[in-house]
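Let's walk through a protein model together, one pair of side chains at a time.

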Amino acid sequence: VQLVESGGGLVQTGGSLRLSCAASVRTFSDYVMGWYRQAPGREREFVAAMHRNGVIANYADSVKGRFTISRDNAKNTMYLQMNNLKPEDTAIYYCNGRGITIATKGDYWGQGTQVTVSS
C-alpha cells in the first residue's frame with residue numbers, strides 16, 4: 001500500500017488549500033481513510049476520517065465547519081478541503097488508510113505534506 005499526499009503549501013490566514021491523497025491499492029473502498037497532522041513539538045493528532053461509503057465522516061472539534069473530507073473510490077483518492085485556515089493549522093498533514101477486511105488489515109501512512117498558515 002502506497003499513499004501519496006499533495007496540495008500542501010503556504011497560505012495566509014483565512015485562505016484555503018485542498019489536500020489530496022492518492023492510494024495505490026486494489027480496492028480503495030476496503031479502507032477507512034483519514035487525515036492526521038503533526039505540528040512542531042506536538043503529538044500527531046486526528047483531523048478527519050471518512051467511512052468507506054464516502055458519506056459518513058468524523059472531524060476533530062478544532063476543524064469542524066472549516067475542513068471537509070471527501071473521497072472518490074473510483075479514483076482511489078481522498079481529499080481534504082481546508083477553508084478559513086488559521087496559524088494553528090500549521091503542521092505536516094498525513095494521509096492514513098486503515099484496512100477493514102481480512103485481506104487489507106493494517107494501518108498505512110503517507111509521507112506527509114507541509115501546510116503553513118501565516119498570520
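Predicted model: local features only at pLDDT ≥ 70, side-chain atom pairs only at ≥ 80, totals over all residues.

A residue is called buried when its relative accessible area is under 20%, exposed when that area is over 50%, and partly exposed in between, using a 1.4 Å probe and protein chains only. Residues are numbered from 1 along each chain as its sequence is written, and side-chain values use heavy atoms, with hydrogens and water left out.

Now to charges. Side chains of opposite charge can pair when their charged atoms come close. Here, a salt bridge is a side-chain nitrogen of Lys or Arg within 4 Å of a carboxyl oxygen of Asp or Glu. By this rule, the model has six salt bridges.

Start with Asp 30 and Arg 52, which form a salt bridge whose closest N and O atoms are 3.2 Å apart. Asp 30 sits in the loop between β3 (17-24) and β4 (31-38), and Arg 52 in the loop between β5 (45-50) and β6 (57-59), so this pair ties together parts that are 22 residues apart in sequence. Strands like these are DSSP runs (E, at least two residues), as helices are (H or I, at least four), numbered from the N terminus.

Next, find Arg 37 and Glu 45, a salt bridge with its closest N and O atoms 2.6 Å apart. Arg 37 is buried, with 6% relative accessibility, while Glu 45 is partly exposed at 29%.

Asp 89 and Arg 66 form another salt bridge, with 2.7 Å between the closest N and O atoms. This pair links distant parts of the chain, 23 residues apart: Asp 89 is in the loop between β8 (77-82) and β9 (91-99), and Arg 66 in the loop between β6 and β7 (67-72). Both Asp 89 and Arg 66 are buried. What do Arg 37, Glu 45, Arg 66 and Asp 89 form? These four residues are linked in a network of salt bridges.

Finally, look at Ala 91, which belongs to strand β9 and is buried at 2% relative accessibility. Leaving aside neighbours within four places in sequence, Ala 91 is in contact (heavy atoms within 4.5 Å) with Arg 37, Gln 38, Ala 39, Thr 113, Gln 114 and Val 115.
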